[in-house]
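Work through these exercises with the structure open. Try each task before you read its solution.

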2 protein chains.
Amino acid sequence: MSTHAAIAAHANRAVPGYLVSALAISPASGLTAIPPRNPADPLASLGHTKVYEREVTVFSEGDAAGSVFRVMSGMVRLYKMLPDGRRQIIGFLQAGDMMGLAFAAQYLYTAETVTATTIQRIPRLELDALMDAQPAFARKLLSATTSELMAAQDQMVLLGRKTAAEKVATFLLRLSNRKAVAGGDERTIDLPMGRSDIADHLGLTTETVSRTLTKLKSSRLIRILVGGKLELLDHDALADLAGGF
Amino acid sequence: MSTHAAIAAHANRAVPGYLVSALAISPASGLTAIPPRNPADPLASLGHTKVYEREVTVFSEGDAAGSVFRVMSGMVRLYKMLPDGRRQIIGFLQAGDMMGLAFAAQYLYTAETVTATTIQRIPRLELDALMDAQPAFARKLLSATTSELMAAQDQMVLLGRKTAAEKVATFLLRLSNRKAVAGGDERTIDLPMGRSDIADHLGLTTETVSRTLTKLKSSRLIRILVGGKLELLDHDALADLAGGF
DNA sequence: CGGGAGTTTGATCAGGATCAAGGCGAGTGG
DNA sequence: CCACTCGCCTTGATCCTGATCAAACTCCCG
């Protein structure tokens, strides 16, 4: 399922990017001698790639920001915290998504792996050099960032105006959508993150997330599978419930 | 107060941009013969500028998107609606802010004036041409859009995790911050929008906004003035209440 | 197999929404 | 110029969704 073609399709999807822009991952990255300029993935030759364990911190809000990162596989959560510990998860990143892309001296959110994750770290200086060398790449970054902004605006609608059931349904459909475009079974989605992660992403509590999922299960809209997987039994009914993205 | 210097300072502020990026407005724009390329404001010579009355629509969600817009003076609200009419105001735009900047065929939100507003309309083709001609300008747009994204993430924290009082306090401080950087009296801010606009921006109802403002007034943290103005009497106490941006 | 974190379920609480009246002020027309 | 009116804002009473507090269950994981 995570074929190169699938990843490329994902990166070029028409659907707004999910978090900080998805950029094509070179099929060849890491497998062959690195070409100085790979037209398909200009980033491929920059920085280096590292495997992180599950549930570890990649960088923290307030850290000096010298690099940007690209998730190659696995899942990362980005979040901001209020002084008293309340947490808002800004988004979940998957293959192709970038993070840390900002013109600020410090990172403005914390990045932690959810699962074991491969991440490419690119020094800002190298990214800047690439933008200078390839204006088209700067445009690509702009396009990806704009997509992120649109996704962020959808999330505002969700957080500000949707009910608990609508929030959960929307969340499930988004995951399914991402996965569908990335190829793979439409109906079965992965939920590697915990209930409290989902809660902190949707502006709810774990209990409410759990109850809502239970209700969806009772209504035969979803089926909860072992190993953090979930099957969407009635996509249309979920879409009705979600009330638009 | 809205001197050229003030606007320039505003556009270059370190604080994250508020909605879709703030770009320098040329001091000379519209006042002198238009130079073909104004280094201070590369946009100045593009498209044309029009004055809109208060409470009119500039473009609607779903309209074919052929232009981007820049607010030169006045105030605009951007919002998205759910099918049943619930509304989420994405943000309020002021001088220097841009809207409609997306790589999509349709506008993804509706833009309406709050007050009488001067708006520059720039065809996308012209913007694209400018980006081709001046790579530095594309970088500037990227920087502005990234700032917007950061602001959107702050708004997610507000919507998902803050209480009504924290939301209102944060909102007032943001307005004050914008104004402060743009020059002008730190303590007195303009609230040209109605209570229901504020409510739809903060994920509350008009009643709750009104009650919360009344409480802030009783606690001597603010004073509500005639003509949609408001005075911040205790900036520090408000900041405590807001609990971080 | 046992321990423990995460999840589910239950009971109660409370913040903010909803429903319902007044009050106030800015425009409008007489 | 003043009074009226309409829309917005404020205030009050009640309701309800989702939070909080509490406990049992399940499934990993060692």
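**Exercise 1.** How many nonpolar, polar and charged residues does the surface near DNA strand C have?

The model is predicted: local features need pLDDT of at least 70, side-chain atom pairs count only at pLDDT 80 or more, and totals for chains, interfaces and linings use all residues. Residues are numbered from 1 along each chain as written, chains are lettered from A and ligands numbered from 1 in written order, and side-chain values use heavy atoms, without hydrogens and water.

Step 1. Sort by class: Ala, Val, Leu, Ile, Met, Phe, Trp, Tyr, Cys and Pro are nonpolar, Asp, Glu, Lys and Arg charged, and the others, Gly among them, polar.
Step 2. The surface has 2 nonpolar, 7 polar and 5 charged residues.

**Exercise 2.** Find protein atoms that lie close to phosphate oxygens of DNA strand C.

Step 1. Take chain A: the side chain of A:Ser210 has an N or O atom 2.8 Å from a phosphate oxygen.
Step 2. Take chain B: a polar backbone atom of B:Ala164 is 2.8 Å from a phosphate oxygen. For B:Thr208, a polar side-chain atom lies 2.4 Å from one.

Methods
A polar contact is a pair of N or O atoms within 3.5 Å; within protein, one must be able to donate a hydrogen and the other to accept it, and residues adjacent in sequence count only if both atoms are side-chain atoms.
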